[in-house]
Amino acid sequence: MMPTVTSFEGFYAETHTRVRASLVVAVGDKDVAFDAVDEAYARAFLAWDRVARMDAPQAWVYRVALNVVRRRARRRSLEQALLRRVAPDPVLPDAASEVWLVVRDLPERQRLAVVLRYLGDLTEAQIAEVMGIKRGTVSRTLADAHRSLATELGDLTMEQR
Amino acid sequence: MNALLEKTERLLDEPWLERDISTIRTRARRVRARQRRTAALGALAFVLVLGAGVLAASDAARDGAPATLDVADVPVAPADVTVMVYLEPERTSAEVAQFSQDLVEDPAVVQAWFRSQDLLYEDFVCGFPHEAATRDDVIPSILPTSFDVVLTSSDRDSTEAFVDRMRARGGIEEIVVKPTPDEVAMSGTSLLWRPALRTMGCLGNDLAGEPIK
């Protein structure tokens, strides 16, 4: 459910923990995610007159935050990117790590769609807006992710027994 | 999926997700300062680059060599475009589509073309060919989409009325009106008037947008 808001303060109070949790899991790095979320909310604060009139201000914040993450990722050198590939997963707080472990092996698009759906609580149409893809593509991506996760979660359940 | 939902619910209860709103207000001040700094530097860089082009053309003319740059004869954008409207980069695709529709229905608009972020990025790269550091900091998704517009009347009053109408609807990053020859000759009158880029050797770079009207 998207919150009905009139003030930036109310919007922030209602949405920011969910947005932070989503970005942390989507990115897999708490510091990077928090920085991007802060930037997105700061821009929303500056443009609140306009953002408040949008159908889904929360989706806009996700979009801006993800753009910030992508922009910074492009600025990193190839060397850093290669190092990160062989580096261990970043250390996440336990509760975030539990979700991250479930979704980390999904292809990036599936991981983002799942995070926005289940952590971000966005509709498929809003996810399409955030990710810049068609709604039908979101449906297919989520269906593919569900199949992968059913297998993954099944395996986890078996291991826990 | 229940297992995933349980984990997400636990995560959402975590206290470390809380962050005071004062952090955002502080960050907003930094963002505003950065935006102003970037705009100022961008405009300055463009003026310097274009100014250098004017001087090079003047020197070449004095030396009797064929002038490679002739700012006074800067060709106009395709189909005699009179106004370029740049939307804020954060505009959603639905908002861009609505703006496009508004232009189509606007009686003052004769023709209009939509230009994507990728097209503007091509212009940008061509305009700053040696500024690798600047280019690394810019990717298409942070640039504005825009519309090239031909108005029924290009006189100053009609143009200003159109510009005022566009600004009033909000979401506009910049509106650039075709500069007069005198303004062009003074150089650097407009950061985003693409024909000016041609004076810097970007002849093949003024890519046509998608016609919408």
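Guide: A network of salt bridges links D35(A), E39(A), R43(A) and R27(B). The model is predicted, and over all its chains it holds 13 salt bridges.

One of these joins R25(B) to E9(A), with 2.8 Å between the closest N and O atoms. This pair crosses between chains, since R25(B) belongs to helix 2 (residues 21-62) of chain B and E9(A) to helix 1 of chain A. R25(B) counts as partly exposed, at 29% relative accessibility. E9(A) is also partly exposed, at 35%.

D38(A) takes part in two salt bridges, one with R20(A) and one with R19(B). In the pair with R20(A), the N to O distance is 2.9 Å. For D38(A) the relative accessibility is 2%, which is why D38(A) counts as buried; the cut-off is under 20%.

In the pair with R19(B), the closest N and O atoms are 2.6 Å apart. Here the contact crosses between chains, from the loop between helix 1 (2-12) and helix 2 of chain B to helix 2 of chain A. R19(B) has a relative accessibility of 29% and therefore counts as partly exposed, whereas D38(A) is buried.

R20(A) has a further contact: R20(A) lies over the face of F34(A), 4.9 Å from the ring centre. The charged end of K30(A) also sits over the ring of F34(A), at 4.8 Å from its centre.

The whole structure has 11 aromatic pairs over all chains. In one of them, F8(A) and F11(A) are tilted, with 6.4 Å centre to centre and 50° between the planes. These two residues lie in helix 1 (residues 8-27) of chain A, three residues apart, about one turn of the helix. F8(A) is buried at a relative accessible area of 3%, and F11(A) is buried at 1%. F11(A) also pairs with Y41(A): the ring centres are 5.9 Å apart and the planes stand at 55°, so this pair is tilted. Y41(A) is in helix 2 (residues 30-46) of chain A and F11(A) in helix 1, so the pair ties together parts that are 30 residues apart in sequence. F8(A), F11(A) and Y41(A) belong to one aromatic cluster with Y12(A), F45(A) and W48(A).

Key
Residues numbered from 1 in each chain as written. Chains lettered and ligands numbered in written order. Predicted model: local features only at pLDDT ≥ 70, side-chain atom pairs only at ≥ 80, totals over all residues. Heavy atoms only, no water. Phe/Tyr/Trp six-rings, centres within 6.5 Å; stacked < 30°, edge-to-face > 60°. Helix = DSSP H or I, 4+ residues; strand = E, 2+ residues; numbered from the N terminus. Buried < 20%, exposed > 50% of the residue type's maximum accessible area, 1.4 Å probe, protein only. Lys NZ or Arg CZ within 6 Å of the ring centre and 35° of its normal. Salt bridge = Lys/Arg side-chain N within 4 Å of Asp/Glu carboxyl O.
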